[in-house]
Amino acid sequence: MKRSHADILAELGPYPGVDIVHGVTWDGRQVWFAGGEGLTAVDPDSGQPLRSIETAAHAGTAFDGRHLYQIAENRIHKIDPQTGRVLAAIPAPGSSDSGLAWAEGSLWVGQYQDRKIHQVDPDTGAILRTIESNRFVTGVTWVDGELWHGTWEGGESELRRIDPRDGMVLESIDMPEGTGVSGLDSDGERFFCGGGGSGKLRVVRRPRRVA
């Protein structure tokens with residue numbers, strides 16, 4: 001397994017009125033994060049808030065190219081990012097749902113205490129398959145065909161690339177002591193990591209790939 005230390009490029013925030021950062025997603029231009037009572041879009045370079053949507057935003061956040069998806073207690077809401085209107089809702093898989101990502105036409109839902117990632121049908125909420133982890137699962141993202149998830153357990157946190165077939169850890173990026181990872185997404189070059197109760201977003205360099 002390849003192991004390295006996080007190269008933190010920037011810390012964005014904290015933001016007024018935001019006590020905790022839950023889910024994080026990248027829509028191709030801006031980073032959205034869930035702050036409990038709403039979603040906020042920020043500039044990925046300056047961290048400047050651009051707009052917000054009032055909606056229940058209690059855990060993971062995802063973007064499918066047109067719509068935002070947001071875990072709100074025991075439901076996953078499909079949201080129009082232009083109007084903030086909830087267009088549809090499906091049941092979330094369990095009681096400790098955390099991260100959320102969109103890939104391959106499916107939602108991928110991390111479960112914190114259950115240490116699992118579920119592939120979920122976005123129309124029905126049916127669980128299509130399950131990947132086991134050996135640590136708490138926070139944020140989840142797919143980037144260039146790689147499945148990554150955040151962990152935050154026992155005062156330590158890391159970003160992990162895992163084999164989507166069996167959950168084997170292929171690569172680990174250790175976060176600095178005292179920093180946690182809640183939500184997670186990437187623009188291909190950088191990871192955007194929710195900082196939980198710090199109210200911050202941390203920008204971490206994604207390791208280069210050998211062509």
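Of the 211 residues in the chain, 56% are buried, meaning under 20% relative accessible area with a 1.4 Å probe and protein chains only as cover. The model is predicted: local features need pLDDT of at least 70, side-chain atom pairs count only at pLDDT 80 or more, and totals for chains, interfaces and linings use all residues. Residues are numbered from 1 along each chain as its sequence is written, and side-chain values use heavy atoms, with hydrogens and water left out.

The secondary structure consists of 21 strands and zero helices; these are DSSP runs numbered from the N terminus, with at least two residues (E) for a strand and at least four (H or I) for a helix. The radius of gyration, taken over C-alpha atoms, is 15 Å, close to the 17 Å of the globule rule for 211 residues, so the chain is as compact as a globular protein of that length. That rule is 2.2 Å times the number of residues to the power 0.38. Along its principal axes, the C-alpha trace spans about 45 × 40 × 35 Å.

In soluble globular proteins, nonpolar side chains tend to be buried together. Here the largest nonpolar core has 12 residues, among them Val24, Trp26, Val31, Phe33 and Leu201. Such a core is a set of buried Ala, Val, Leu, Ile, Met, Phe, Trp, Tyr and Cys residues joined through side-chain atoms within 4.5 Å. Strands E3 (24-26), E4 (31-34) and E21 (201-205) each supply at least two of its residues. Leaving aside residues up to four places away in sequence, Val24 touches (heavy atoms within 4.5 Å) several residues, including Val31, Phe33, Phe192 and Leu201.

Conventions
Buried < 20%, exposed > 50% of the residue type's maximum accessible area, 1.4 Å probe, protein only.
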